[in-house]
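Here is a friendly walk through a model with a pair of chains to look at. Please keep the view open while you read.

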Amino acid sequence: MPCHNYDPNFSRRDFLRSAGCGFGALAFSALTGEGLAHAARFGTGTAKIPHYRARAKNIIWLFMEGGPSHLDLFDPKPLLNKLAGQKLPDSFETPVTAMGEASSPLLESRRQWAQHGEGGLWISDWLPNHSKIADELCVIRSCVSDGINHAGGVCQMNTGSVFGGRPSLGSWVDYGLGSMNDDLPGFVVIKDTESMVVNGPRSWGSGFMPSTHQGVLLESGPQPIANLHAPTGYSVERQSQKINFINQLNYEHQKGRDSNTDLDARIRSYEMAYRMQAEAPEAVDISNETEETKRLYGMDRKETEVYGRNCMLARRLVERGVRFIQLYHGAGSKWDSHDEIEKNHSKLCEAVDQPIVGLISDLKRRGLLEDTLVVWGGEFGRTPMSEKGDGRDHNPTGFTMWMAGGGVQGGTTVGTTDELGLYAVEDPIHVHDLHATIFALLGLDHKKVVYMHKGRPERVDANEGKVSQSIMGT
Amino acid sequence: MSTPVTTKASRDLIRGKKAANWLVRVGLLSVVLFGVPAGFANTEADPFTKEDYNWWAIQPVKDVGVPAVDNASWVKTPIDHFVIQKLREAELQPASPADSYELVRRVYFDLHGLPPSLDQVDAFVEAASVNFESAYTSLLEELLASPRYGERWAQHWLDVARYAETDGYRADQYRAGAYLYRDYVIQSFNEDKPYDQFIREQLAGDEMDADDPDVVIGTAFLRHGVYEYNQRDARFQWELILNEMTNVTGETFLGLGFGCAQCHDHKFDPILQKDYYALQSFLTTSYWPDGKKLTTPKQEEDYTATLATWTETAKPVLDEIEAIKRPHADAMGGFVIKQFPPDIQEMYKKPFEERTSFEKQMAEMIEKQVIERIGRLDYSAQLKSKEPEKLARYEELLRLLAELEKEKPEDLPKAFITTDISKEAVASLLGGRLGSEEVSPAFLTILGDPKPVIKPTATTTGRRTALADWIANPKNPLSTRVMANRLWHYHFGTGLVPTPNDFGTLGEDPSHPELLDWLTNQFIDNGWKMKPIHRLIMTSATYLQTAQKEPDLRSQTVDPENRLLWRFSPTRLSAEQARDAMLVASGEMTQRMGGLSQDADTSVRSIYIKKLRNKPEKFLHSFDAPLGFDSAPDRLQTTTSLQSLMLVNSEWPLQRAAMFAKRIVGDSQAIVDDQIETAFKIAYNRPPTSAEVKLAKDFIDNQQAQLEDQFSVVSPISEFNDSALFSIDEGFSAVDQSFSLGDMALRLEPGSPHERLKLPEVELTGSSFSVEAVVILNGLHADASVNTLISQWSGDPSESGWSIGITSAQSKYDSRNFIVQLIGEDGVGNMDYQVVASGLRVPLDTPVYLAAVVTANKQLNESGGGEVVFYMKNLSDSYSVLETVSVSHPIAARIFSPNTKMILGGRDSVGHLWNGQIARISISDDPLPRSSLFVETAISPEDRANWRFSGANAQTAIPDGASWLLPTRLEKAQDPFFGAVTDFCHALITSNAFLYLH
């Protein structure tokens, strides 16, 4: 590919690239200005005008990596406890599971269940604080994915496909809506452990799109972004003189080459890299947050401190115009509970319960919740069948996620699984539908945000999703 | 296309005449008049429209004449006739020729992917000034004959072939034999292998010549797709693999995105869903063998014979080991098998000869996982828990085997190839799992080519050969044009068809359709060879144009994208070009011819760097190298802030800059204009302008002055007139009084006179010891160096020693990992070096308590080994608890080396220094239980050194008998002059004139 050069006009291909095909495309393309030089920014630069009235401007995705058990959190199944110890009845289709546990005895749920809030949502005693936000949650009990393993599951939840190569949802959002802050990335990822998320950085990669749309891993501490600071021994003055000199050489080179906008983009990107050294640490510096706020997020307790801090960072990033924030919990498949689910989930649920409640409450009291869609879930749920006596296998055929804020109707439940929570039976919502629906909540038409790739008009939903009217509440 | 003449005739009938086209729309009539075009049954209506039949890409390649033009002074080759004709029509003027500097840089990067050396630039510029034509021709010949050519052009093909060296799923396992395909591609380009042969080898090398490893390896092409090592839904996984194979074959060789047609007739191109499954049917019987070796039969025979001799000697040991292992392996195998769906298990349980081909494939999917899982079975651990009485014998046997294996013949390379599971074809089912309609091998319906003639071989269906023959047929309008276009694309940055993997209707039409056909014919007429086409293109006036021409109003209006080539399009260096050019500038590049892939911190060309799908090399990834998940026909050119941060702040470019600086100024303390000019010439491949030289001189002067100031400034922590001391309240105020710290903390700073402290003798005996400390770590090394807290080690992994520290940014163990390095004898008396990593992450700039209790004890476990118990507590946080981790290791004895100094803050060698403060440290000769650690009790056990720090200066504060060691080397970057030159060189290799061909 040649440089972008100076071209402010659209070629037919650029038009298709940014606009896709179909009649609605015209509107999107005309409004976005995609194709103008935008390379020096993190995201696509200018914020774009969505297709519809957007209910949400930002997303915070609470990704419980490894697969939390819907059967023990949001989807009570009395029959499961009745049939515990027996095999899956013949009336159920035999699923293919990761560890081949289709014929293992059913495992009871030891949870105490109660209905909460005006909507009467069922939430188990593993998430005691969630009762306070029950009326904010739209619990989707009928989620469906294709990935029976972590790699495929996490990949599909992020990109729509079980194997690599496609852009992640955050990249699509950045592509479709652009950035609201030139000095910070539009798509930020934070994880709670030192372990890597399954599949590595491509979980937030931009796939076939330019890497301008990729997610950026944010870490706590003085160097939140990789290579943000010069190595030890490089003072601020030294660094600034050097960057000035690089750009002096670049200006010299640019003479007579003004039409090549890539050259200019790089000059600006050096300037921005320098500016970011100040911006990014400020965004993650929580020293000015009050003790009350820190407590709200559970930062006063060791059990909840880490995720509490991450949830607070998410709010700070939303305030600074970051579009898409993904907070991994249990990075490295920690929610995976093939055995000892009681021990595993007790600990993990405690670690997220107060931080999530804190996040929702804080967003709400600051008036941010109505513009911010919060999504909770893993890459799949867990089976009613047991594994190793006291664990559960992966279940992508029916599991729970929830949404809050961003214009979704709280205190509601969407879809159902069968009586044992194995398959989604009513109003099944595939990952593609979930992505299409999130787009709709952001005011984007999933059929119109198109990226041309190798002759195919690619969409966020792999051309297969539909907007869930039950979630939209229309 | 075994009868191309008939085919062409029938196609011409179908679409050639307007009347006939109209008739074709009336399905039945067409059948009556012209017979049924192959591919759809006579009961079906023709699924295609007139427009479909007129699709340019499926028209036969025309025998076009070279257009006559009157601008004889500009044109050099027939290519120019086509180009100037279009430019004239658009009222555009070509650019003037590139000067010799611009051209020599372009040509080297184009053919070799590397910049020219100083001498190569000078030689060409001089020769060209005498006789341009001959200088240029001989330059091209020289470059085309060099092995560097294959390394550059193979990269293009590897992109298209989605080449990578790992599985691409969670485990992302390394594919041991994959690199042999990379070498095969390099070799194929270097020997200018005809492309039709190259196609055949990659699709059906196993059917062409199963005995020739250089041919069979081509089939790795079908095997580069992703694979999930623990996917129990075997059907689903195999379907994904097949679809991937089908898509990549269609895109690579035919320039068609078949993907859409997997689920429905293509919405934009005349490709039917049936066509997708017809194409897939050529591949449905394939599989990825694991046990095969990539050798000739003779090599295999020799190997087998030598191995047999060895096996005879080793037999008693081998048999006994096998007898011990077998039950555990079988149990694990059974465990894996049971996780598959019951019907797949049934297939696996059937005797081999009773399985259908599909069942064999499914059984193979199980077998792969069984072998993989058993392969990482820890038999010692199994025995320990289930048959402890056998453990000692087993480990003794392993030792015997290790001895025997010294005589064992070296293993043959694993064959990372594809072949068929049997000669009985597996049906291709339309609709996949749910489908029932069987689709037999056929070519694109719209082309109307007759059904393939398929001849099975002894072991395969012969289907892939039929597919390869059709693709490699000179009359195939798609495969031939696609490759001719790729060659153009890589030379000019944009193809005549700008979408090289997509000749469909959503791709763009060719800018110069006649030129594309003319070039395609040249390609075929030259025996499908690439080098003649390189010559044709590169000697054209079109290629020789300068990129330094600004658009005028006319070109901006009618051809802003430069499709008509009114200048040479500027491009950025690709990932590999940029990385390789930095290594050339620094003088570090080492050339090689093929071989195992290397880690990114080596000096080999980028094509030889390990290509890990889930952990891509950071520099290459940042510059848009594809990840290898699907066929990549072109490279994006992104400019991001993250990329700029990587260029200015990451260690790799900085190191190249330092080496570049050393190359320019050596150890001298002054730089002259000539040296500045040389640096520019190395980086930009041209002499600098006077303005550039002036900028550089000013910069180096200013930067040197600035650095002199900076380095002379007394560190702000020197309130006590001693940078080695730090008031305890400065960093450790939050630490509980029970730790009874002194008034001061020692501050160890790399590059200062207080880098490392040699401790007074502490006699450690036996096989265990404990170290506890209260410290702050202020910064990590930017490379993989360890931040050593304390050690008694020379740094040589073959000499006894131990070292306790924290890992740095680039460490294999991840950063801030609390580790112990142990070097001693293992259970059988061999010297071994082990990194025992706790996984505990030490926070920076925070007071922490650290302890390591090390045992290395033969008695503990007869086979040798011991453990390290790590403790860590964040002392700034009163809520934090004492974290603890035990890690076992195989070192059993001799970790103490009495002659080696015990050093605080480093090793008895260069580097690996601590940067931070130490408030208390104690060492015990015993493996202290938790209850005796000072974090838990104020009562100190006996027999240990126990230091706190109080005093007026660096000498009085340290323990009696301790002494500061001289810095092992003056950090070069801390030398103001060298630092300034390094910064100058760093700017050169990160500036636009370096990164762009413009």
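A residue counts as buried if 20 or more other C-beta atoms lie within 10 Å of its own, as exposed if 12 or fewer do, and as partly exposed in between, with C-beta atoms placed from the backbone. This is a predicted model, in which local features need pLDDT of at least 70, side-chain atom pairs count only at pLDDT 80 or more, and totals for chains, interfaces and linings use all residues. Residues are numbered from 1 along each chain as its sequence is written, while chains are lettered from A and ligands numbered from 1 in the order in which they are written.

Helices (H or I, at least four residues) and strands (E, at least two) are DSSP runs, numbered from the N terminus.

A:Glu340 sits in the loop between strand E7 (324–329) and H10 of chain A. B:Trp528 lies in the loop that links helix H22 (513–525) and helix H23 (531–538) of chain B.

**Helix H10 of chain A**

H10 of chain A covers residues 341–365. The expected span of a helix is 1.5 Å times one less than its number of residues.

**Chain B as a whole**

Chain B has 998 residues, of which 50% are buried. It holds 34 helices and 22 strands, and its C-alpha trace spans about 105 × 80 × 55 Å along the principal axes. Two residues are in contact if their C-beta atoms, placed from the backbone, lie within 7 Å. Of the contacts in chain B between residues at least 6 apart in sequence, 69% join residues at least 24 apart.

**Where the chains meet**

How many residues of chain A are in contact with chain B? There are 74, and they meet 92 residues of chain B. Helices H1 (12–19), H4 (150–159), H6 (236–254) and H7 (261–284) of chain A each supply at least two residues of the side that touches chain B. H6(A) gives the most, with twelve residues. By type, that side of chain A has 31 nonpolar residues (Ala, Val, Leu, Ile, Met, Phe, Trp, Tyr, Cys and Pro), 16 charged (Asp, Glu, Lys and Arg) and 27 polar (the others, Gly among them).
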